[in-house]
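Open the model in your viewer and keep the selection tool ready.

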Amino acid sequence: MARKYDVLVIGGGVIGTAIAARLSQTSARVCLVEKTGDVAEGASKGNAGITSSYYAAPGTIEAKLTTASVFRWDEVCRKLNVPFRRVGALMPALNEAEAQALTKEMDLALQCGVRAEIITGAEARRLEPLIAPACSSALHLPDEGIIDPMRLTWAFAELAARNGAELFFDSPVTSLVTNNERIVAALTPRDTIEADFFINAAGLHADVISKLAGGDSFRMWPRKGQYWILDREFGANLRHIIFSAPAVDTKGIHVVPTTRGSVLIGPTAEDGEDRSDKSTSREMLDHAFQSARRLIPSLTLDHVIKTYAALRPASDNPFFVRADAQVTNLIHCVSRSIGVSTSLGIAEFAFDLLRGAGLMATNRDDALDQLPALPILRHTERPELLTDVAQGYSQVICVCEQVSAAEIQAALQAQVPARSVDGVWKRTGAGGGRCQGSLCLSGILFMCSVHMNCPPEFVPMKDQATVGIGRINE
């Protein structure tokens, strides 16, 4: 029998889960399908974790939705237990051309309704002593923030599930059934899912979904971004996000403190065709590192703990949230670079578009807007008191990231649970620190094996791989 819903969201990244969470607070029957085994497996897994205060020209849809999101993060993250800090950003000018570019950027930010001012080099170094001595002036952007993008994506999904939305993983959409310029059903290897409205939040594969529906023609391609991760020993000294002055075709390389205490350097911007190529190259990593050292000369390779690459969903139009011109019940939600920053605004706007298209749904008085509080050990001032909350806080599994057994247990028992070692890392940070799991992997595997009722060698490392040769039967 076909499953029947009011809205089907295709894609389990930050945009798809944000929309599902918002719709779950209404009377609509909501379903989300994701082709992989977990949320945050695409661009939401590999971005810089910045909540931008502005991004595009005033009046554009991306500017409007960034503004609609920027001042909500403090309250939303508190309610969803997502690490967030409004640390602010500095964009230093190291030559005359960059100094001239700062005025344009400041005007853009001010027109978008956020705080921005140009300060002297001396003032910039007072705020951020690590900035290069050659800095003659800098744009100060106090409203920029840092967030844990993977935990945010999971939190949106968890809220949706607790409000009654259904989420199906390992469920790629293989076909869309249409009738009279409307989609009537989506087919996956497991189910036929009927719905009145469809949200295309498939990221890098949004063009494939549109083509299956007979909808608007557009092309997506991967824009690879390569990153360095630096240890928290260096991160402890970095107070702000450091932006490069933008060039004509790129925002440049940034130096970004993370909510986990480490530092990201990147991303590069390399357009390609292979939607699965996440390889790194010495040439591009060196370019990113030297660009970052220009901003912060004290950067050294001594603090590097990892490099990686992620793929952003690029297209001729890098951002659009709109109804399809051909298929009357299909809405596209595509963002190349600011999916996290606009996710709250996109969710509200998508709901408005759905109601305009005929969705008869109203807000529910009994809907949840927050998750049960679960203290994060590394962010707690008096960790010794946490054993009153749960005894598992007395056992630290991941020493590098200070993740307790209680937090891992909660990740495994959630409504949208971790089903792999990678899933635990995305929700808690366990295994993502200085030793990259060398010391804590055995403890994570043990807890997963107990919860999954299987030997440790059968615990998936990622959603399609295991530590050993075993597989968990579905």
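Two strands count as paired if DSSP finds at least two bridges between them. Keep in mind that this is a predicted model.

**Stop 1: the sheet.** Select β3, β8 and β4. These three strands form an open sheet in the order β3-β8-β4, with antiparallel pairing. Now colour the edges: β3 (50-51) and β4 (84-85) each pair on one side only. Zoom in on β3 and β8 (residues 145-147), which are joined by two bridges in the antiparallel sense. Show I50 here; I146 in β8 stands opposite.

**Stop 2: the cores.** Select I19 and I199. Within the largest nonpolar core, of 55 residues, these two have the most contacts. Next, centre on I19. Leaving out residues up to four places away in sequence, I19 touches V9, I199, C333, I346, A347 and A350. Then move to another core, which lies apart and has 30 residues, among them V87, A89, A99 and I241.

Stop 3: Select C31: the nearest cysteine sulfur belongs to C333, 16 Å away, and C31 is in no disulfide. C31 is buried, at 0% relative accessible area. Finish on C448. This residue is in no disulfide either, with the sulfur of C454 the nearest at 8.4 Å. Is C448 buried or exposed? C448 counts as buried, because its relative accessibility is 0%.

Definitions and conventions. Residues numbered from 1 in each chain as written. Predicted model: local features only at pLDDT ≥ 70, side-chain atom pairs only at ≥ 80, totals over all residues. Heavy atoms only, no water. Disulfide = S-S within 2.5 Å. Buried < 20%, exposed > 50% of the residue type's maximum accessible area, 1.4 Å probe, protein only. Helix = DSSP H or I, 4+ residues; strand = E, 2+ residues; numbered from the N terminus. Core = buried A, V, L, I, M, F, W, Y, C linked by side-chain atoms within 4.5 Å. Contact = heavy atoms within 4.5 Å.
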